[in-house]
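I opened my notebook to get to know a new structure. Here it is, so that you can follow along.

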Amino acid sequence: MKLFLHLGRYFLMIQKTFGKFTKWKMLKNLIFREIDDLIISSIGIVSFLSFFVGGVIAIQTAINIDNPLLPTYLIGFTTRQSMILEFSPTFISVIMAGKVGSYITSSIGTMRVTEQIDALEVMGVNTYNYLIFPKIIALTLFPFLITISMALGIFGGYIASINGGFASHSDFIEGLQLDFIPFHIFYAFIKTFIFAILLATIPSYHGYFMKGGALGVGKASTTSFIWTSVAIIIANSLITNLLLT
Amino acid sequence: MIKIENILKSFGDSIILKKISTIFEKGKTNLIIGQSGSGKTVLIKCILGLIKIDQGKIQFEKSFLYSMGQKERAKLRQDIGMVFQGSALFDSMTVEENVIFPMKMFTNKPKDEIVERANIAIRRVNLINSNNKLPSELSGGMKKRVAIARAIVMNPKYLFCDEPNSGLDPKTSIIIDNLIQEITKEYNITTVINSHDMNSVMEIGEKIIFLENGSKKWEGTNKEIFKTENQSVTKFVYSSELYKKIRKVYLNEQDNN
């Protein structure tokens, strides 16, 4: 029963987020600030993770294809498929549920604890729109981050393959181009967009409706990470079933 | 003027406010006093519409809070200033930005005029050379002053203060109390203060309502509170030896006069 209460409140929150709009002049500044806090500040960690995970995928693939009948261009092929289909859209999103999600929950939660949300409400501000809408808009740029992740992951795989002597430049490039289905990119971006909405709204929900003091903020951040990850994995499974099978 | 009638509010099985009625008068500092957990903050939040009441009526001048349309309620909100217990300043904004915020949000006035009005409010609460400071760089008393400046910058008709003295030293408490009273007179607004600070009660309580376990047990002025024989009030207000003596001296003086 509690799950339905949370679901109902979550969807009402989304409805209210698109209710009475904050003045554009103020909203614009908030959106730019959120883009900086949520997207720009994540470029470093996403780049680092993607580059090295791409490299590891390439090395793991090379080590496991010890049969001489299997061509080395499979290293490029596997790296591309792994990065585009799963690692960049799904696992970077789960990682972002930790980084961005915790930030969103704790920042809104702290505003709740210190009565800043009450202060906004007394003034007549639609707090849902003021606090959550800029985060949703900022996270619509999440596919941009995922594009960087895909590119750097594949580049990491290339560097690892060449440096480790697992594949030649031409073999890796051949693997990259082999059986390329442009729809997979489209599929990855659809997933990313849906994950971005989940990343903006679920942590906001946990921050907005949190109870208790400073300890409550910590608990809300943890709960928010768990539920955002769960929602991303479930959504991933549903989207994959719908689009790829 | 704010009139409340038979306000009933419960959370689950526990009734927090039990049919409270009173009138908060214009141009006066109206105090709600009572022990921690007596329902003071819930009552203020109900009047502000932050918590929905189960029963009763809340009337601002001639308009009833729960019969208002969204537009009317939004307009009412702009007539309300609120000073929260922890000041509730926006962490990421400077003092000036905090005070400017309501005007920026709800008016289309030119920037110069907004800044000028904010500075008038900041000067009114005696804050000097602090415009560019962040809330984290301010003392408790200064934060309260900024919160008061933010609350009055839109020239509100109603000012609510939730324990404005909590966490402040006695001297700063008196300064904040006097500031609130001066502003109430100067702007001719209806001020409702939630407090359990006895100095505030004695100094600025032009109208006092006493809550106990969610019920209104007494209503009167700071003069009447010295004379009352109401057991609940005397137990609460004169719980310390110092205040018992003060009361004795006050009553003796009254008899001598």
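My entries below cover some ground rules, a helix, a strand and a few side-chain pairs.

**Ground rules.** I am working with a predicted model, in which local features need pLDDT of at least 70, side-chain atom pairs count only at pLDDT 80 or more, and totals for chains, interfaces and linings use all residues. Residues are numbered from 1 along each chain as its sequence is written, chains are lettered from A and ligands numbered from 1 in the order in which they are written, and side-chain values use heavy atoms, without hydrogens and water.

**Helix H5 of chain B.** I looked up helix H5(B), residues 140-152. Helices (H or I, at least four residues) and strands (E, at least two) are DSSP runs, numbered from the N terminus. The expected span is 1.5 Å times one less than the number of residues, so the 13 residues should span 18 Å, and the end C-alpha atoms, 19 Å apart, agree with that. Is the helix enclosed or open? Ten of its 13 residues are buried, so H5(B) is largely enclosed by the rest of the structure. For burial I used under 20% relative accessible area, with exposed over 50% and partly exposed in between (1.4 Å probe, protein chains only). Among the buried residues I noted Gly141(B), Lys144(B) and Ile152(B).

**Strand S3 of chain B.** I found that six of the six residues of S3(B), residues 29-34, are buried. Thr29(B), Leu31(B) and Ile33(B) lie on one side, and Asn30(B), Ile32(B) and Gly34(B) on the other. Two strands pair if DSSP finds at least two bridges between them. S3(B) pairs in the parallel sense with S8(B) over five bridges, and Ile33(B) has Ser195(B) as its bridge partner there. Five bridges also join S3(B) to S9(B), again running parallel, with Leu31(B) opposite Ile208(B).

**Salt bridges.** I counted these as a side-chain nitrogen of Lys or Arg within 4 Å of a carboxyl oxygen of Asp or Glu. How many does the structure hold over all chains? There are 17. In one, Lys135(A) meets Glu34(A) at 2.9 Å, N to O. Lys135(A) lies in helix H6 of chain A and Glu34(A) in helix H2 of chain A, so the pair ties together parts that are 101 residues apart in sequence. Both residues are buried.

I also looked at Asp118(A) and Arg112(A), whose closest N and O atoms are 3.4 Å apart in their salt bridge. Shared partners join Arg112(A), Glu115(A), Asp118(A) and Lys45(B) into one network.
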